[in-house]
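Here's a walk through a two-chain model, written for someone who likes to know the cut-offs behind each term. Have the structure open in your viewer while you read.

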Amino acid sequence: MNSALIINFAYILSALGFIIGLKMLGSPATARKGNGLSALAMLLAIAVTLLDKEIITFSWIVGAMVLGTVIGVLAARLVAMTSMPEMVALFNGFGGAASLLVGWAALYSGAATTFVAITIVLSILIGGVTLSGSFIAWGKLAEKLPGRAITFTGQAIVNGLIVITLLANALWFVQSPTVDSVHLYAVIGVALLFGIMLVIPIGGADMPVVISLLNSYSGLAACAAGFVLNNNLLIVSGALVGASGIILTNIMCKAMNRSLANVLFSGFKAVKKSTTVVEGEIKPINCDDAYLILEAAANVVFVPGYGMAVSQAQHVVRELADHLESNGCQVRYAIHPVAGRMPGHMNVLLAEASVPYDQLLEMDAINPQMGAVDVAIVIGANDTVNPAATEDEGSPIYGMPVIKVSDARTVFVLKRGMNAGYSGVENPLFYKENVRMLFGDAKASIQAIAGEFAA
Amino acid sequence: MTPEIQQLVYLTFILMLAIFVGFELIAKVPATLHTPLMSGSNAISGITLVGALVSAGAEHAQLATWLGAAAVTLATINVVGGYLVTDRMLAMFKKKATGGAK
């Protein structure tokens, strides 16, 4: 039987595997098997591709695959769950880089027609933007670069020039698509520059959106490479990933009540000074008093934010929750969609600390029940529990849905100091009548309270 | 119609259907699984590896082989790392019954 037929038939099976695998990711009970199925489908696709008649030498392939596997295994084993956003950003960048290189290398496989040249340019362009954009996102998340939005005067004009240069060079290249075309190198260089310029004006708190969007780009880059190579499987898989990225981007934007355009370009606008006027005073509490209140509580909700990830407090939170439960208290966790630095970040951290996923509630599920909660414990969250978002029309985060912790009878806010959140917005929650501030490292505070339960 | 245009129409047709399937599937994934979804779909985007393999093994030109080999390395990291880290995360998701007090 001819090898092209076998390959294409296997590709159908692979595509099926990816689709069923993604479907199984729809429930925590089947998700792990779904991921395994997807990995098997990938293995099948790789194995049959090696039958391709065009492949003559295997030495480079074997060397490159061994190297990639070693790095991939090490990275996947060693990464801490808190660093998952950086990890995904890096992997995205590698995917983009691979599409760029595949598009470039395809130029050598013979004279390119205009159509092939267009797909090659697209593959290089999307791949390049994904590559450099992901690396900037990684730098911001890993705090190698400043997390704030980086802006300068004339940024919009510079970006406009970049787009024009990119389009002009792409057009010139398509006119005469040769391997030594100077326009090819210009497209690669400017695409990389464009990726950097797209991500630097976006602040750290908006990273969940950026990561989702780059995820989508890496899928589109694979799609473009699929058009270059006339490969159905690349197109189908790329489209699946592209769709997943776009859906997540949309969910993240909705959770912040902002449009995608606002997230991407708001760095250019002058920051409005918050008009929030805070009344009341801060009421600090110590761990002993917090313990006494918690001991009497029958219904406790934890509200984690990025600060929990930073202080690695998820394990002691779970420990405290165990004590509360054995004390006859109902414990749940309220998760805001944009808590953390990527979609679902908090869920993974809590899962790492063996918190059962059925105790994790989404914002819309917990908000109507907040009135019946005795104690809401806010750990390292700020903007996602800021009542100014619903009460103060002048607030920059006005309209963003938040977890209504102040509906609970008592609220504990665990915080290092009185700094404003990532968005730089003052939080009137801290001044409310039923709110107590527990200053200090979140992990140490929780540990102290848990210690009193154990004693 | 030239064969090239036919090919384009055919590939676009597949692209369109795949996008719809993708939207239908992923809209149903609950928020609690969004991080594994992202890293898992990221691993799928490493499918570019399939294209990279041909470039690395085809012997069209020395530079093309190098570009292909670099692409194979990067895409393999993406695929292997992506699937393993997703598996590592999903292994931690437990229900109340199995995740009881230690």
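## Ground rules

This is a predicted model, so to speak of local features we need pLDDT of at least 70, and side-chain atom pairs count only at pLDDT 80 or more, while totals for chains, interfaces and linings use all residues. Residues are numbered from 1 along each chain as its sequence is written, and chains are lettered from A and ligands numbered from 1 in the order in which they are written.

Helices (H or I, at least four residues) and strands (E, at least two) are DSSP runs, numbered from the N terminus. Two strands pair if DSSP finds at least two bridges between them.

## The sheet in chain A

Chain A has an open sheet of six strands, in the order S3-S2-S1-S4-S5-S6, with parallel pairing. At the edges sit strand S3 (360-362) and strand S6 (435-439) of chain A, each pairing on one side only. From one strand to the next, the twist averages 25° (axes are lines fitted to C-alpha atoms, for helices over the stretch in contact, and angles run from 0 to 180 degrees between N-to-C directions). As background, strands of a sheet pair through backbone hydrogen bonds, either parallel or antiparallel.

Take strand S1 (residues 299-304) of chain A: five of its six residues are buried. Here a residue is buried if 20 or more other C-beta atoms lie within 10 Å of its own, exposed if 12 or fewer, and partly exposed in between, with C-beta atoms placed from the backbone. S1(A) pairs with strand S2 (residues 330-335) of chain A over four parallel bridges, and Asn299(A) has Gln330(A) as its bridge partner in S2(A). S1(A) is also joined to strand S4 (residues 375-379) of chain A by five bridges, again running parallel; there, Val300(A) has Val375(A) as its bridge partner.

Strand S5 (residues 410-415) of chain A pairs with S6(A) in the parallel sense over five bridges. One bridge partner in S6(A) is Val435(A), which goes with Val411(A).

Leaving aside neighbours within four places in sequence, Val413(A) is in contact with Val378(A), Phe430(A), Val435(A), Met437(A) and Leu438(A); contact means that the C-beta atoms of two residues, placed from the backbone, lie within 7 Å. For a sense of distance, Val413(A) and Leu198(A) are 215 residues apart in sequence and 35 Å apart in space, C-alpha to C-alpha.

Helix H7 (residues 182-199) of chain A passes a quick length check: at 1.5 Å a residue, its 18 residues should span 26 Å, and the end C-alpha atoms are 27 Å apart, which agrees. (The expected span is 1.5 Å times one less than the number of residues.) The buried residues of H7(A) include His183(A), Leu184(A), Val187(A), Phe194(A) and Leu198(A). Among what covers the buried residues of H7(A) are helix H5 (114-141), helix H6 (155-175) and helix H8 (207-229) of chain A.

Two loop residues have backbone angles to check. Glu143(A), in the loop between H5 and H6 of chain A, has a positive phi near 60° without being a glycine; Glu143(A) is exposed, with 10 other C-beta atoms within 10 Å. Asn230(A), likewise not a glycine, has a positive phi of about 60°. Asn230(A) is in the loop between H8 and helix H9 (232-255) of chain A and is partly exposed, with 14 other C-beta atoms within 10 Å.

## Chain B and the contact

The contact takes 81 residues from chain B and 97 residues from chain A. On the side of chain B that touches chain A, helix H1 (3-26), helix H2 (34-45), helix H3 (48-57) and helix H4 (62-90) of chain B each supply at least two residues, and H4(B) gives the largest share, 27 residues. By class, that side has 48 nonpolar, 25 polar and eight charged residues (Ala, Val, Leu, Ile, Met, Phe, Trp, Tyr, Cys and Pro count as nonpolar, Asp, Glu, Lys and Arg as charged, and the others, Gly among them, as polar).

The unreviewed UniProt entry annotates "transmembrane region" at residues 6-27, 39-58 and 64-86 of chain B; such positions are given in the numbering used here, feature names are shortened, and annotations may be inferred rather than shown by experiment. In the model, residues 64-86 of chain B are 100% helix and 0% strand, with end C-alpha atoms 32 Å apart.
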